[in-house]
Amino acid sequence: MNKVLFLTGTRADFGKIKSLIHILETHPNFEVFVFVTGMHLQKEYGYTLLEIERCNFKNLHTFQNHTHETTMDLTLAKTIEGLSSYVNQTAPDLIVVHGDRVETLAGAIVGSLNNILVAHIEGGELSGTVDELIRHSVSKLSHIHFVSNVEAKKRLLQMGEIKSSIFTIGSPDIDIMFSDDLPDIETSKKYYEIAFEKYAIAMFHPVTTEAKFMKEYAENFVNALEKDHHNYVVIFPNNDLGSQFILDAYHKLKANSRFRIFPSLRFEYFLTLLKNSQFIIGNSSAGIREAPYYGIPIINIGTRQQNRAVISDIINVDYEEKSIQEALKSIDLHQMLPTNCNFGTGNSAELFLETLVDETIWKLNNQKQFRDI
């Protein structure tokens with residue numbers, strides 16, 4: 001039996017790996033461990049550990065990795081310390097990490113430096129911010145790559161990764177997006193006490209490389225939403241540097257009846273609310289990944305997703321209040337074309353399992369090789 005440890009630090013990456021954890025938990029070949037840290041344990045961001053606990057995973061471990069300083073380097077150091085201790089107790093054969101978070105980098109470092117295989121979900125993608133540096137660093141520290149499409153695979157090959165270690169499985173959240181288990185819209189609205197008949201989704205995250213401008217950006221965003229006429233379901237940002245400026249700006253909206261503000265939403269409920277929304281505005285990857293699949297119009301603000309915005313009919317605007325206002329004036333007339341995005345067909349978990357039940361994957365050399373093109 002192979003021991004597999006999954007690491008999750010945010011509501012976003014948990015949505016991506018949830019189906020993968022479930023499929024291994026029910027298979028006799030695997031013993032699964034889930035290491036929970038980061039935003040999941042922060043009450044101001046909704047304490048999303050509760051969502052993970054509802055899944056009833058057999059082996060769940062929590063670790064508080066945020067200090068009062070909350071700088072990314074200190075968070076990285078503390079996560080490495082906590083994960084290293086847990087790995088020493090559990091002795092996993094594989095550590096599975098997702099994406100481009102600082103916790104992801106910690107997982108890849110702990111695995112690679114302890115001669116444990118590391119599998120990276122959704123490597124080879126672009127974002128254009130410090131997240132991209134982290135994502136590519138994680139890929140170089142990982143032994144197995146589960147990518148979302150052929151383009152991502154090509155980038156990993158450019159980075160010298162071995163072709164036989166790269167598996168195209170799509171984006172695992174697509175599994176949940178088209179699941180028959182999603183709640184209906186009435187259930188979702190009732191659960192979160194959302195009385196709006198029509199509404200838009202607003203999600204605005206800090207850009208760490210532009211942290212000194214985030215106060216201005218957040219105020220511009222909120223001012224534009226205030227002057228608009230739509231109803232909004234607003235979801236807190238992630239906890240990166242600059243997030244407090246966004247949270248402070250949201251205080252202006254709390255007394256406004258057109259806004260319902262939430263620290264976090266359960267992933268399945270969020271998907272249902274997104275699927276039934278008028279549009280999504282902000283700079284979340286949900287506007288690049290999930291929204292196009294549902295045919296939801298998107299206003300993408302600023303640079304956070306600039307290299308990932310591959311859908312031609314996304315409305316891209318800068319951080320200026322006037323630019324955001326102009327986009328909002330035209331959004332009700334904006335028609336989305338059928339999506340040409342390629343992030344899988346909803347069977348990522350099955351493809352993931354298919355790879356891991358093959359004995360050859362467990363015989364990969366921990367000493368990585370570089371392949372010249």
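Analyst: Start with a helix. H1 bends by about 45° at isoleucine 17. Keep in mind that this is a predicted model.

User: How many residues does helix H1 have, and what distance does H1 reach from its first C-alpha to its last?

Analyst: The general idea comes first: an α-helix has 3.6 residues a turn, so residues three or four places apart point the same way. Here, H1 covers residues 11-25, which is 15 residues. From first C-alpha to last, H1 reaches 20 Å, close to the 21 Å expected at 1.5 Å a residue.

User: Is H1 mostly covered or uncovered?

Analyst: Mostly covered: of the 15 residues in H1, 13 are buried.

User: How do I describe two helices that pack together?

Analyst: Two packed helices are described by the angle between their axes and the distance between the axes. In this model, helix H3 (residues 72-90) packs with H4 at an angle of about 45°, and their axes are 8 Å apart. That angle makes H3 oblique to H4. The crossing in which H3 passes H4 is right-handed.

User: Now the salt bridges. How many does the structure hold?

Analyst: The structure holds 13 salt bridges. For each pair, look at the distance, then at where the two partners lie. Aspartate 100 and arginine 135 meet through their side chains at 2.8 Å, N to O. Aspartate 100 is in the loop between strand E4 (94-98) and helix H4 (102-113), while arginine 135 is in helix H5 (residues 130-141), so the pair links distant parts of the chain, 35 residues apart. Both aspartate 100 and arginine 135 are buried.

User: Which residue forms a salt bridge with glutamate 122?

Analyst: Arginine 289 does, with the closest N and O atoms 3.0 Å apart. Glutamate 122 lies in the loop between strand E5 (117-121) and H5, and arginine 289 in the loop between strand E11 (280-282) and helix H12 (290-294), so the pair ties together parts 167 residues apart in sequence. Both glutamate 122 and arginine 289 are buried. The two also belong to a network of salt bridges that links Lys16, Glu122, Glu125, Asp173 and Arg289.

User: In the salt bridge between lysine 368 and glutamate 161, is glutamate 161 buried or exposed?

Analyst: Their side chains meet at 2.7 Å, N to O. Lysine 368 lies in the segment after helix H14 (348-356) and glutamate 161 in the loop between helix H6 (150-158) and strand E7 (166-168), so this pair ties together parts 207 residues apart in sequence. Glutamate 161 is buried, with a relative accessible area of 3%. Lysine 368 has a relative accessible area of 23% and is partly exposed, because buried means under 20%.

Definitions and conventions:
Residues are numbered from 1 along each chain as its sequence is written. This is a predicted model: local features need pLDDT of at least 70, side-chain atom pairs count only at pLDDT 80 or more; totals for chains, interfaces and linings use all residues. Side-chain values use heavy atoms; hydrogens and water are left out. Helices (H or I, at least four residues) and strands (E, at least two) are DSSP runs, numbered from the N terminus. The expected span of a helix is 1.5 Å times one less than its number of residues. The bend at a residue is the angle between axes fitted to the seven residues ending there and the seven starting there. Buried means under 20% relative accessible area, exposed over 50%, partly exposed in between (1.4 Å probe, protein chains only). A salt bridge is a side-chain nitrogen of Lys or Arg within 4 Å of a carboxyl oxygen of Asp or Glu. Axes are lines fitted to C-alpha atoms, for helices over the stretch in contact, and angles run from 0 to 180 degrees between N-to-C directions. Angles under 35 degrees count as roughly parallel, over 145 as roughly antiparallel, 65 to 115 as roughly perpendicular and the rest as oblique. A crossing is left-handed if the near helix is turned anticlockwise from the far one by less than a right angle, and right-handed if clockwise.
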